[in-house]
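I opened this page to keep track of what I look up, one topic at a time.

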Amino acid sequence: MTFHDKELRAPEPVTVAGRQLKRYHVDQPRQRIEPAVERAAYAVLPRLLPAGPGDGTPTAGWVVLHRGADTGAYLLAYSWVWDNVVEVRIAAAGQPALDCPDDDPTRFVKLDRPWAGCVWELGVLEHERAAWIRHVLAPRRPDLPGWLADNRAEGPVGR
């Protein structure tokens with residue numbers, strides 16, 4: 001297996017089930033995520049989000065939609081809870097090795113595995129950790145709009 005960077009895009013944030021979410025898409029180098037895969041992923045997203053923290057933590061997080069080189073597609077929903085903790089819930093499609101029903105990249109199923117993400121997705125996690133400290137934890141008053149505007153740079157991701 002030869003490693004290669006993939007392309008990261010940062011579409012506009014969305015609010016889903018009351019949670020403000022940044023969005024990141026990890027595309028193959030010369031192929032963007034198909035519209036049908038994107039629609040299917042965002043349709044399953046509400047099922048991946050926890051209830052509001054209820055402890056004063058802003059109801060916020062980010063999602064990574066990642067299209068694999070084969071038939072797989074992955075949606076990772078990261079949510080801030082308990083002030084400084086990240087919870088992640090994952091759905092996959094088109095990857096029978098992960099108990100998906102078939103190789104259709106639009107048929108997402110929730111995964112029950114203790115995974116946090118792959119090397120391409122973890123680049124976003126690194127950025128989001130620092131951005132949360134910078135905009136929410138360190139200032140006297142949390143700046144959630146500032147955090148929402150602070151995206152990892154688009155372009156190559158992986159190294």
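The entries below record what I looked up in this model, which is a predicted one.

**Entry 1, the largest nonpolar core.** I began with the question of which residues in the largest nonpolar core touch the most other members. Of its 25 residues, these are Tyr 24, Trp 62, Val 64, Trp 132 and Trp 147. I then listed the elements that give two or more residues to this core, and found β3 (19-27), β4 (60-67), β5 (73-81) and β6 (85-93) together with α2 and α3 (144-149). The most comes from α2, which supplies five residues.

How many salt bridges does the model hold? The count comes to eight, and I looked into some of them.

Asp 27 pairs with Arg 9, with the closest N and O atoms 2.6 Å apart. Because Asp 27 belongs to strand β3 and Arg 9 to strand β1 (residues 6-9), the pair ties together parts that are 18 residues apart in sequence. Are these two partners buried or exposed? Asp 27 has a relative accessible area of 2% and is buried, and Arg 9, at 16%, counts as buried too.

Glu 38 forms a salt bridge with Arg 23, where the closest N and O atoms are 3.8 Å apart. This pair links distant parts of the chain, since Glu 38 sits in helix α1 (residues 35-44) and Arg 23 in strand β3, 15 residues apart. Glu 38 counts as partly exposed at 25% relative accessibility, whereas Arg 23 is buried at 13%.

In a further salt bridge, the side chains of Glu 87 and Arg 89 meet at 2.7 Å, N to O. I found Glu 87 to be partly exposed, with a relative accessible area of 25%, and Arg 89 to be partly exposed, also with a value of 25%.

Not counting residues up to four places away in sequence, His 127 touches Lys 22, Tyr 24, Arg 134, Asp 150, Asn 151 and Arg 152.

Terms used. Residues numbered from 1 in each chain as written. Predicted model: local features only at pLDDT ≥ 70, side-chain atom pairs only at ≥ 80, totals over all residues. Heavy atoms only, no water. Contact = heavy atoms within 4.5 Å. Core = buried A, V, L, I, M, F, W, Y, C linked by side-chain atoms within 4.5 Å. Buried < 20%, exposed > 50% of the residue type's maximum accessible area, 1.4 Å probe, protein only. Helix = DSSP H or I, 4+ residues; strand = E, 2+ residues; numbered from the N terminus. Salt bridge = Lys/Arg side-chain N within 4 Å of Asp/Glu carboxyl O.
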